[in-house]
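Dear colleague,

I am handing over the structure that we spoke about, and my notes on it follow below. Please read them with the model open beside you.

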Amino acid sequence: MHPWTGPIVSVIPGTGEVPRIRDDISGEVRPSVAGESANLYVCGITPYDSTHLGHAFTYLAFDLLVRAWRDLGVSVRYAQGLTDVDDPLLERARATGKDWSKIAARQTAVYKADMAALRVIPPDFYRGVVESVPQIVNAVERMIDVGQAYRVAVPGSPASSLGDVYADLGGDPDFGSLAGLGREAQDRLFAERGGDPDRPGKRDRLDPLLWRAARPGEPSWDGRTLGRGRPGWHIECAVIASAELDQPIDVLGGGADLIFPHHEMSVSHSRALTGLDQPVRLTMHTGMVHYDGQKMSKSLGNLVFVSDLLERGVGPAALRLALIGHHYGEDWEWRGREVALAEARLNRWRDAIRSVKPQGHSGEAIAKIRAALADNLDTAAAIAAVDEWVSAAPLARERSPYAAADLRRAIDALLGIKLY
Ligand code: ZN
C-alpha cells in the first residue's frame, strides 16, 4: 500500500550521534542502532476514526528517531502496519450502517493527509492486514505445525467445522518478559484491551486469537487449511514486520497502551515463527495524551483530531512543534494553548534566522540539537538549543564560519519543521 508523499528533507553538514533510547524491556537507555543499518516496526492505526493527537504524538516520536538515524548516515528500513480489518472497525460499521471497508479507506486517507501535513517521513513499507492475509495464513498454519497453536470450536457450529485458532502461550517460556507484569495485571489488561479471557475451550485465559473462523455478517478470506476467516490482532504485526524487515528488529514501537497485550503477544508469535529468542532488540513506547483530565481515547469520546485543528487554521508546523515539545515517553495533557506558544516561538526563530547574515554562526546550535536528540530524543533540550541561539546577541551569532542557513536546514532535517 502506498503510504503518503514524504517531505524533502534538508541536508546538513556533518553527521549526528547514535541515538540512544530507553528500552522498555530492560529499562535501560541503550544505542538504538547495532550496525550500518537500522530497522523499525511501528504499529499503525485502526482506521475507524480520524487521527487524534495521541496518534500524531506517537508517529512524530518515531519520525524523530528516523530523522536521527538518517542524520547518522545508516540505512533505514521502516515498516508500519495498518489494521484495516478488526472488531472496532466492524462495530463502527454496524453502529453507523456504513460499509466497513469504506470507513477504513476514508479514515486511512485522512490519516495519510494528516501525516503529510505534519511532515512525517513515510515508512518504507506500509502494509495493511487485508493485503497481508495470505502471509498471515502461512504463519498461523506454521504455528499449528510446530505445536504453538490449537483450534477451538465455535459455539453453535457443527463438530465438523474447523473452528478458531488460538496461540498456545504455554509453549513460550519467555512470554511475559517484555512487559514484566504479574499475572493479575496481565489478566486485567488482556480483558480491557480486546482479549477474550472467558472464551470456553482455551488452554489458558490469556491465549490470544490467531484466526477467527468466518461468522455471518463478517468479512472473511480464504484461509486454506484454516478455513475461511480473518486474522487476530497480534499475529498481523508479527507477520507484517517479518515480511518487510530482517530479524531481529532494532526497534519495535507504538503507544504505551500497546505494550501489553499487543506487543507481548506479537513478540511471542515472532519467537515461535523465527526461532529467535529475541526477535526485537529494543522496544520504544510513547506516552498517552490526556484531554479534559483523562487519556484521549475513542471510548471516552474526548478526542482532538489533527484534521479538525488544521481545518480551523492551526499551522501544521506549530502543531508539530507543540507536540514534540513533550518528551515521547511522558503522559501529558493537551490544553490547546500550546499551539499559540509554538506559533510565537516559530516566529522568533524565523526572525532571528532571517536577521543574520547567511554566514552567521550556527554550528554549536546544530551540535547541541544533535546531542539532545541522541539522548533519548530529548526534544525539549533540542528546542532549547535553538532558543538559546535565537536569544544570543546578533553579533555573537555572526562571529563564526558556519552558515546560519544550516541551522534552518537542521531544524527541518532533525525536528521536521520547515521555517520558510
Ligand atoms: Zn501492532
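Pro248 sits in the loop that runs between helix 6 (233-244) and strand 10 (249-255), where helices (H or I, at least four residues) and strands (E, at least two) are DSSP runs numbered from the N terminus. The peptide bond that leads from Gln247 into Pro248 is cis, with omega near 0°. A cis peptide bond also joins Phe260 to Pro261, with omega near 5°, and Pro261 belongs to helix 7 (residues 259-274).

Before going further, please note that this is a predicted model, in which local features need pLDDT of at least 70 and side-chain atom pairs count only at pLDDT 80 or more, while totals for chains, interfaces and linings use all residues. Residues are numbered from 1 along each chain as its sequence is written, and side-chain values use heavy atoms, with hydrogens and water left out.

Leu377, although it is not a glycine, has a positive phi of about 50°, and this residue is placed in the loop between helix 11 (363-374) and helix 12 (379-391). Leu377 is buried, with a relative accessible area of 2%; here buried means under 20% relative accessible area, exposed over 50%, and partly exposed in between (1.4 Å probe, protein chains only). Arg224 is likewise not a glycine and has a positive phi of about 50°, and its place is the loop between strand 8 (209-213) and strand 9 (229-231). With 43% relative accessibility, Arg224 counts as partly exposed.

Turning to the salt bridges (a side-chain nitrogen of Lys or Arg within 4 Å of a carboxyl oxygen of Asp or Glu), the count comes to 26. One of them joins the side chains of Glu141 and Arg224 at 3.2 Å, N to O. Because Glu141 lies in helix 4 (residues 133-145) and Arg224 in the loop between strand 8 and strand 9, this pair ties together parts that are 83 residues apart in sequence. Glu141, at 15% relative accessibility, counts as buried.

Arg230 and Glu218 also meet through their side chains in a salt bridge, at 2.9 Å, N to O. Arg230 lies in strand 9 and Glu218 in the loop between strand 8 and strand 9, so the pair ties together parts that are twelve residues apart in sequence. Arg230 is buried at 3% relative accessibility, and Glu218 counts as buried at 16%. Salt bridges that share partners join Asp87, Arg212, Glu218 and Arg230 into one network.

With kind regards
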